[in-house]
Amino acid sequence: NSIANIQHLATVYPNTNSGNFTLEYKLPANAGEFRILDVMGKVVYTATISNSAGKQTLDASQLNNGIYFWEVFSGNSLVDKGKIAVMK
């Protein structure tokens with residue numbers, strides 16, 4: 001997964017949130033995966049993306065307060081990534 005090839009096709013908002021947020025995306029393929037990672041790089045949340053474009057409301061309210069990283073994959077390709085803060 002080359003970071004140089006990231007296409008910036010997703011947005012996560014609001015940022016900061018309580019663990020409930022919206023993922024808005026436009027993927028090159030018909031399916032994908034959304035992941036949230038902790039600061040150590042451990043995947044702590046995943047969600048399936050079942051179409052190529054749209055919005056999904058996601059509930060990751062089980063996450064503790066803190067800074068997390070998110071990634072969006074289309075097939076095996078990383079197409080976007082970012083940081084998100086959870087504050088309850």
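Reader: How many bridges join S3 to strand S6, and in which sense do they run?

Author: Two strands count as paired if DSSP finds at least two bridges between them. Here six bridges join S3 to S6 (residues 66-74), and these strands run antiparallel. Leu37, for example, has Phe69 as its bridge partner in S6. This is a predicted model, where local features need pLDDT of at least 70, side-chain atom pairs count only at pLDDT 80 or more, and totals for chains, interfaces and linings use all residues. Residues are numbered from 1 along each chain as its sequence is written, and side-chain values use heavy atoms, with hydrogens and water left out.

Reader: What does S3 do with S4?

Author: S3 (residues 32-37) and S4 (residues 43-49) pair in the antiparallel sense over six bridges. Ile36 has Tyr45 as its bridge partner in S4. The two strands form a hairpin with five residues between them, and Gly41 in that turn has a positive phi of about 90°.

Reader: How many helices and strands are there in the protein?

Author: Helices (H or I, at least four residues) and strands (E, at least two) are DSSP runs, numbered from the N terminus. This protein has zero helices and seven strands.

Reader: And how do I read the radius of gyration?

Author: That is taken over C-alpha atoms, and the globule rule is 2.2 Å times the number of residues to the power 0.38. For 88 residues a compact globule would come out near 12 Å, and the protein has 12 Å, so the two agree.

Reader: What share of the residues is buried?

Author: Buried means under 20% relative accessible area, with a 1.4 Å probe and protein chains only. Of the 88 residues, 39% are buried.

Definitions and conventions:
Buried < 20%, exposed > 50% of the residue type's maximum accessible area, 1.4 Å probe, protein only.
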